[in-house]
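Dear colleague,

Please find below the structure that I am handing over to you. My findings follow directly after it.

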Amino acid sequence: QIIYRGFLINILNPKLSIFFLAFLPLFVSSTQISPTLQMVFLSLVFMGMTLGVFILYGISANGVRHYVVNSPKVIRRCQRTFAIIFTGLGAKLAFTD
């Protein structure tokens, strides 16, 4: 279900469509027999590289999560940091015209 949801979010993201329509054609050779086939190939390479990066992000986030969840000291520091940030944002909002 997570993979399905992530797939839908990425497919429906307009930034991805704009990238493929505006940026990727610059790398398609005009001398190709089938520029559409080259565009599809470059799109697949891009998506494969993106998948690899996202997998590394997931693995890294999982490692950080284990470190944070198992360390009360880190949790306390995060809570205090967020409290300070929210206090500062609240004070800024209170004194804004």
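In this predicted model, Y4, F7, L8, I11 and L12 together make a nonpolar surface patch of about 550 Å². One of these residues, L8, lies in helix α1, which spans residues 2–11. L8 counts as partly exposed because its relative accessibility is 31%, and partly exposed is the class between buried, under 20%, and exposed, over 50%.

The unreviewed UniProt entry carries the annotation "transmembrane region" for residues 7–28 and 40–59. The two stretches may be described in turn:

- Residues 7–28 are 64% helix and 0% strand, with 26 Å between the end C-alpha atoms.
- Residues 40–59 are 100% helix and 0% strand, with 29 Å between the end C-alpha atoms.

As to the overall fold, the protein has 4 helices and 0 strands, and the order of its elements from the N terminus is α-α-α-α.

Along the principal axes, the C-alpha atoms fill a box of roughly 60 × 45 × 25 Å.

Finally, I turn to burial and surface. Of the 97 residues, 8% count as buried. The protein has an accessible surface of about 8700 Å², and carbon and sulfur atoms account for 73% of that surface.

With kind regards

Definitions and conventions: Residues are numbered from 1 along each chain as its sequence is written. This is a predicted model: local features need pLDDT of at least 70, side-chain atom pairs count only at pLDDT 80 or more; totals for chains, interfaces and linings use all residues. Side-chain values use heavy atoms; hydrogens and water are left out. Patches are made of residues with over 30% relative accessible area and no salt bridge: like charges are joined within 9 Å, nonpolar side chains (Val, Leu, Ile, Met, Phe, Trp, Tyr) within 5 Å. Accessible areas come from the Shrake-Rupley method with a 1.4 Å probe; for residues, only the protein chains shown count as cover. A salt bridge is a side-chain nitrogen of Lys or Arg within 4 Å of a carboxyl oxygen of Asp or Glu. Helices (H or I, at least four residues) and strands (E, at least two) are DSSP runs, numbered from the N terminus. Buried means under 20% relative accessible area, exposed over 50%, partly exposed in between (1.4 Å probe, protein chains only). UniProt positions are given in the numbering used here, feature names are shortened, and annotations may be inferred rather than shown by experiment.
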